[in-house]
Amino acid sequence: IQLAEIEEYDDSLIDESIAGKALAILGEDIKSGFDHLLMARVSSKEKASEVLKIYERLCPSYHPVMIHSSMGKNKVKEAFSSLHSRKSRVIVCVDM
């Protein structure tokens, strides 16, 4: 786990700023040969959907996925399979 400082004073840009910084770190790690993934934890399913859209826009090549408690078992299994195969490198999940 790596802690990175983010300075963003516009509330409407906080999630995008965090995502951009996290993706920059992930990209550098992958270039350095590390087999890393990125996990974004959020407080609600609604927030997870919003944050997922940000990651989908900023890094479509990492095939972001989302997991939360209301998803069916098959969808959760698909998301985890995508992470295990490294088709996806980004997961958004709800901290419940």
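**Salt bridges, pair by pair**

Analyst: Lys47 counts as partly exposed, at 25% relative accessibility. Keep in mind that this model is predicted. The partner to look at is Glu50: the two side chains meet in a salt bridge, 3.9 Å from N to O. Glu50 is also partly exposed, because its relative accessibility of 45% falls between the cut-offs of 20% and 50%. Both residues belong to helix H2, which covers residues 45-58. They sit three residues apart, about one turn of the helix.

Now move to helix H1, residues 14-31. Here Lys31 and Glu28 form a salt bridge, with 3.9 Å from N to O. The spacing is again three residues, about one turn of the helix. Lys31 is exposed, with a relative accessible area of 70%. Glu28 is partly exposed, at 47%.

Next come two loops. The side chains of Arg86 and Asp35 meet in a salt bridge at 2.8 Å, N to O. Arg86 is in the loop between H3 and S3, and Asp35 is in the loop between H1 and S1, so this pair ties together parts 51 residues apart in sequence. Arg86 is partly exposed, with 28% relative accessibility. Asp35 is partly exposed too, at 47%.

How values were computed:
Residues are numbered from 1 along each chain as its sequence is written. This is a predicted model: local features need pLDDT of at least 70, side-chain atom pairs count only at pLDDT 80 or more; totals for chains, interfaces and linings use all residues. Side-chain values use heavy atoms; hydrogens and water are left out. A salt bridge is a side-chain nitrogen of Lys or Arg within 4 Å of a carboxyl oxygen of Asp or Glu. Helices (H or I, at least four residues) and strands (E, at least two) are DSSP runs, numbered from the N terminus. Buried means under 20% relative accessible area, exposed over 50%, partly exposed in between (1.4 Å probe, protein chains only).
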